[in-house]
Amino acid sequence: MKDWIGLLARLVTGSVWIVAGVLKLPDPSESVRAVRAYDLLPEAVVPTVGHLLPVLEVVVGLLLVLGVLTRPVAVVSSLLFVAFIVGISSAWARGLQIDCGCFGGGGYDADATSTYPWEIARDAGLLALSAWLVVRPRSRWALDPVLFGSSHTTDSAETNERNPHVEEHA
């Protein structure tokens, strides 16, 4: 059952990353504008982050959907969701009314205050799915076992389930 939950976590989170990145790729200047609107990063790094973020989102999404390097990619996914939650919370706390730019767009949004709680809740849910994959990266239909062998995706909890005496000798 846990392997099916992992598959669901990979497909949902990976699909969201792919959609978010693909929607931003055609207009990188819009992504830069969205990053700038948060007013959190030094101006010198805003263009780099704005241009690289959509590419990173697509790569993270594809790797999660395929189940390649699941644990390290899930760590990156988790860190990105934490950063987005902090960014949206910060904008909300400072009274900024900006579109999150999560799926393109960005800049001023008169209705932003009413959407911040839903955006934070969505990202918190996706963070929980990513954290699941960090703790338990093994899942159905992943390429990790094919590419790296079955030991690559074995987590410590699963090892303890198969060998209950592991903790006794540790």
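A salt bridge is taken here as a side-chain nitrogen of Lys or Arg within 4 Å of a carboxyl oxygen of Asp or Glu. The model is predicted: local features need pLDDT of at least 70, side-chain atom pairs count only at pLDDT 80 or more, and totals for chains, interfaces and linings use all residues. Residues are numbered from 1 along each chain as its sequence is written, and side-chain values use heavy atoms, with hydrogens and water left out.

**Overall make-up**

The protein has 8 helices and 2 strands. Helices (H or I, at least four residues) and strands (E, at least two) are DSSP runs numbered from the N terminus. In that order the elements run α-α-α-α-β-β-α-α-α-α. Of the 170 residues, 36% count as buried. Buried means under 20% relative accessible area, exposed means over 50%, and partly exposed lies in between (1.4 Å probe, protein chains only).

**Salt bridges**

Side chains of opposite charge can pair when their charged atoms come close. Three of them are described here, beginning with the pair of aspartate 123 and arginine 122, whose side chains meet at 3.1 Å, N to O. Aspartate 123 is buried at 2% relative accessibility, and arginine 122 is partly exposed at 28%.

Aspartate 3 pairs with arginine 138, with 3.4 Å between the closest N and O atoms. Aspartate 3 lies in helix 1 and arginine 138 in the loop between helix 5 and helix 6 (144-148), so the pair ties together parts that are 135 residues apart in sequence. The aspartate counts as buried, at 12% relative accessibility, while arginine 138 is partly exposed, at 32%.

Arginine 36 and glutamate 43 form another salt bridge, their closest N and O atoms being 2.6 Å apart. Both partners are partly exposed: arginine 36 has a relative accessibility of 37%, and glutamate 43 has 44%.

| Salt bridge | Closest N and O atoms |
|---|---|
| Aspartate 3 and arginine 138 | 3.4 Å |
| Arginine 36 and glutamate 43 | 2.6 Å |

Salt bridges that share partners also join Asp3, Arg136 and Arg138 into one network. Arginine 136 lies in the loop between helix 5 and helix 6 and is buried, at 13% relative accessibility. The C-alpha atoms of arginine 136 and aspartate 3 are separated by 8.7 Å, although the two residues are 133 apart along the chain.

**Cavity and pocket**

Rolling a probe the size of a water molecule over the atoms shows where empty space is left. On a 1 Å grid over the protein atoms alone, a cavity is a set of points where a 1.4 Å probe fits but cannot get out; a pocket is an open set with protein on both sides within 12 Å along at least five of seven lines; and lining residues have an atom within 4 Å of a point. Grid points are joined across faces, edges and corners, and a volume is the space filled by probe spheres set on the points.

The structure holds 1 cavity of 30 Å³ or more, and about 70 Å³ of space lies in the largest cavity. Its lining includes Arg122 and Asp123, together with Val16, Trp17, Ala20, Glu57, Phe81, Phe84, Cys102 and Phe103. Helix 1 (2-24), helix 4 and helix 5 (112-135) each give two or more residues to this lining, and helix 1 has the largest share, with 3 residues. By class the cavity lining has 7 nonpolar, no polar and 3 charged residues. Ala, Val, Leu, Ile, Met, Phe, Trp, Tyr, Cys and Pro count as nonpolar, Asp, Glu, Lys and Arg as charged, and the others, Gly among them, as polar.

The largest pocket holds about 400 Å³ of space. It is lined by 20 residues, of which Val35, Tyr38, Val49, Leu53 and Phe84 are the closest to its centre. Phe84 also belongs to the lining of the largest cavity. Helix 2 (28-37), helix 3 (46-66) and helix 4 (70-93) each supply at least two residues of the pocket lining; helix 4 gives the most, with 6 residues. The classes in this lining are 14 nonpolar, 3 polar and 3 charged residues.

**Nonpolar surface patch**

Leu62, Leu66, Leu69, Leu143, Val146, Leu147 and Phe148 make a nonpolar surface patch of about 610 Å². Patches are made of residues with over 30% relative accessible area and no salt bridge, where like charges are joined within 9 Å and nonpolar side chains (Val, Leu, Ile, Met, Phe, Trp, Tyr) within 5 Å. Accessible areas come from the Shrake-Rupley method with a 1.4 Å probe, and for residues only the protein chains shown count as cover. Helix 3 and helix 6 are the elements that give two or more residues to the patch, and the largest share, 3 residues, comes from helix 6. Phenylalanine 148 is in helix 6 and is partly exposed, at 39% relative accessibility.
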